[in-house]
2 protein chains.
Amino acid sequence: MVLYNTLTRKKEEFKPLVPDKPTIYACGPTVYNYIHIGNARPICVFDVLRRYLEYRGMEVTFVQNFTDIDDKLINRANAEGTTVENIANRFINEYFIDAKGLNVREATVHPLATENINEIIEMIKGLIDKGFAYEAKGDVYFRAQRFEEYGKLSRMPLEDLEKGMRVEVGEHKESPADFALWKAAKPNEPMWDAPWGKGRPGWHIECSAMARRYLGKTIDIHCGGQDLIFPHHENEIAQSECCNGVPFARFWLHNGYINVDNKKMSKSLGNFFTVREVASKYGYEPIRYMMIASHYRSPINYSYEVIEQCRASLDRLYTCRENLTFAQKHASGEPMANENEIIENVLARRQEFIEAMDDDLNTAGALGVLFELARDINIFTASQPSRRLCDTALTVFDEMCDVLGILYCKEDKSLDSKVEELIKERAKARAEKDYAKADRIRDELKSMGIILEDTPQGVKWRWEK
Amino acid sequence: MVLYNTLTRKKEEFKPLVPDKPTIYACGPTVYNYIHIGNARPICVFDVLRRYLEYRGMEVTFVQNFTDIDDKLINRANAEGTTVENIANRFINEYFIDAKGLNVREATVHPLATENINEIIEMIKGLIDKGFAYEAKGDVYFRAQRFEEYGKLSRMPLEDLEKGMRVEVGEHKESPADFALWKAAKPNEPMWDAPWGKGRPGWHIECSAMARRYLGKTIDIHCGGQDLIFPHHENEIAQSECCNGVPFARFWLHNGYINVDNKKMSKSLGNFFTVREVASKYGYEPIRYMMIASHYRSPINYSYEVIEQCRASLDRLYTCRENLTFAQKHASGEPMANENEIIENVLARRQEFIEAMDDDLNTAGALGVLFELARDINIFTASQPSRRLCDTALTVFDEMCDVLGILYCKEDKSLDSKVEELIKERAKARAEKDYAKADRIRDELKSMGIILEDTPQGVKWRWEK
């Protein structure tokens, strides 16, 4: 599998440091508001990355933080007359609702900045001790010029960078490119004790500290939106590599922007739509579909028309799957004339799907393969496919959908079908006069709180009272 | 505990038929759109009913159906050029997202009408055999006049009812109050085989069939919105009691309307707000709070101002809880001067809370008690409460919140705190030279994928690679 690495500006073969156990760190949202669909893009596409690596047999550790202390949270808490913690908890909860809606799995860990203050302080201490950071009037800054490789991710020489920067009022930097690791306490702000005085962490340091705590000093993949390349990720590299003395992230993956009227969608530009807002008109699933219908590095042009097209595409896939499960239910053991050829075709689609995904997570290509498979399915279900063909096609179809994380609005009929299956098994055991087994099944059902009743219409079940 | 029973028009002592095992059937949404906040009211208040019965030590079986076949679904599917099943699955999924947002637990079973066609057909057959129903041009109708008690729930004599009714074009009823159990097949509609011809079930019969299948012939509590009393629940009683020959539901609970400008909010009046829409501006939790801030039988006047007040009330409770957990963390073993008195007070609040809830689920009163407890907590946390006092108060506070299903936007720090706890336990074991135990704990952590490292700053943990 190859992935495009922002650090080297080329596609590289991806192999985790520890075979089959990749570690991934994704920058998560600042929890002062609902996520907007610009935030939803990395969340969805890197969820696909994780699903795909797992599909290929890997065991992924996926860490995604919540920034729960910064100016935006403090401002909102003050505006609403409540605490920063209330604001954070509220929007963390709303995040999980939207994530569920988008079929994004929970990370292995979702650490919070405020839960990692000790780790952050220790890292800052390490940087001060080594001369990479300095204290100034209660603030602590990173000394960008001390890190020779500063700018290697964004490929901007430090001198060029500094031209566009200036030291703001209230900052005490030696040089404009220096950045805050710690901000001295101000009235009406949360604060923590540190050796150089009370205050709160800067934004960049939390990711360095959490990545190290939960994943170790060198991680396999660090990902996030393009807008984070500079300064956030550049600064993370500086902090982590200067502190730990080893490379920080082996692969840097960045997704493209979402545009509205050719402008990047962002909260700061004020042209953003929250996921909740769009989902309240069109549902969550077309939003996820939109994210995977383009390659993750390409820009997406957002509009309601696009979302409506996504909904229509999803409907075609759902209808195809219904055709297939209907055919499966009514299938016989008899193969169709050209059945082996069709099965080979289905299995070839699986291979094409893998090839697309192996090529830097080409979800757009993978989706194309899925639609070709759907076309094949719509054709053969118009005849009389055998159960074997239906089973094979459904397995491959569902595999692809699960990797992409779509078609999740299928009603879960698991309880009913599980019970029906056990009832059938019991009937079979009785027909074979294996009464011990039949009784075992009845007991198993009883332990689930289900009572079987023999009636003239066959075996019925009901909940035990 | 007393509950107001619509059937008898008075509060009655509630005792489940089978001791401690109440059965509840709640009419769920027709899944052709997002739920609106009028739908959310029964969902929230009967979730509180279930939580409260469980809090009192009962084991509740809670069934809530989805109506996944009816005119509204068929119309929407045709309008969007997709299938009824796609529409149903999509809005079932959206239902679960909204339900999660509102902190409503999943029912024991969420049966679908289309999964229960056999049960429905069998019930209709029973009614035809006994003369309570008749077939007419492929439709099957219930003969309302054959059931002497028809109208007993809505307290409307049948002759009065019939005055306001007429037989619509295309219906083949003997009498206006008769209602469809089965509708003959029409082109472009889903259909199933039945002894009297292809077609689909009427709306009322599905609830009778599912209640019997999943809960038995007599259930403890049937609940839903006031608007369902007539004709839906009246017809359910007629179907179930005529078919089964025993009383259908022992208690009928109905919640009041939500009004906008003094008109009932409903889809048919067009003055409705979806839960998603309101949640996208104010979050889900204030919606739930609004539902429990009034008694479930009172009308609620909805406005954004009300929702904002609910948010402010929630913030007060969150802040109180933060004060308490902060005090708990810094508490000593030393009791305060008047501590026993304060603890008695806290325990008295629990009793008052139970009394309010026992009185026909008086959530408004229960919330009043919670705020009194919060006031007490805010006072004693301003001094130096002992750990025992903090623990007691937090237990009672959380109990009340859990029963009401509020204050659920607390960040789950369970992994971190579980690991920290195990690390502490191990340190203690080592201090006591119980190395076997210390090693056992290290192994347990290892099985969770966590590695311990002894550092000068104490024991650290990280994920195994």
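This is a predicted model: local features need pLDDT of at least 70, side-chain atom pairs count only at pLDDT 80 or more; totals for chains, interfaces and linings use all residues.
**How the two chains relate**
- Turn chain A by 180 degrees, shift it 0.1 Å along the axis, and it can be laid on chain B with an RMSD of 0.1 Å.
- That's what a two-fold axis does.
- The copies meet through the same surface, because 100% of the interface residues of chain A are also interface residues in chain B.

**Strand β10 in chain A**
- Strand β10 (residues 249-255) of chain A is largely enclosed by the rest of the structure, because seven of its seven residues are buried.
- β10(A) pairs with strand β9 (residues 219-225) of chain A in the parallel sense, over six bridges.
- To get from β9(A) to β10(A), the chain runs through helix α7 (residues 229-244) of chain A, making a right-handed β-α-β crossover.
- Across this pair, His222(A) sits opposite Trp252(A) in β10(A).

**The sheet in chain B**
- Four strands line up as β4-β3-β9-β10 in an open, parallel sheet of chain B.
- β4 (61-64) and β10 (249-255) of chain B are at the edges with a single partner strand each, so one side of each has no neighbour in the sheet.
- On average, neighbouring strands here are turned by 20 degrees against each other, direction ignored.
- Helix α6 (residues 203-215) of chain B packs on this sheet, touching β3 (23-26), β4 and β9 of chain B.

Technical notes. Residues are numbered from 1 along each chain as its sequence is written. Chains are lettered from A and ligands numbered from 1 in the order in which they are written. A residue is buried if 20 or more other C-beta atoms lie within 10 Å of its own, exposed if 12 or fewer, and partly exposed in between; C-beta atoms are placed from the backbone. Helices (H or I, at least four residues) and strands (E, at least two) are DSSP runs, numbered from the N terminus. Two strands pair if DSSP finds at least two bridges between them. A crossover is right-handed if, with the strands pointing away from the viewer, the path from the first strand over the helix to the second runs clockwise. Copies are superposed by least squares on the C-alpha atoms of residues with pLDDT of at least 70 in both. Two residues are in contact if their C-beta atoms, placed from the backbone, lie within 7 Å. Axes are lines fitted to C-alpha atoms, for helices over the stretch in contact, and angles run from 0 to 180 degrees between N-to-C directions.
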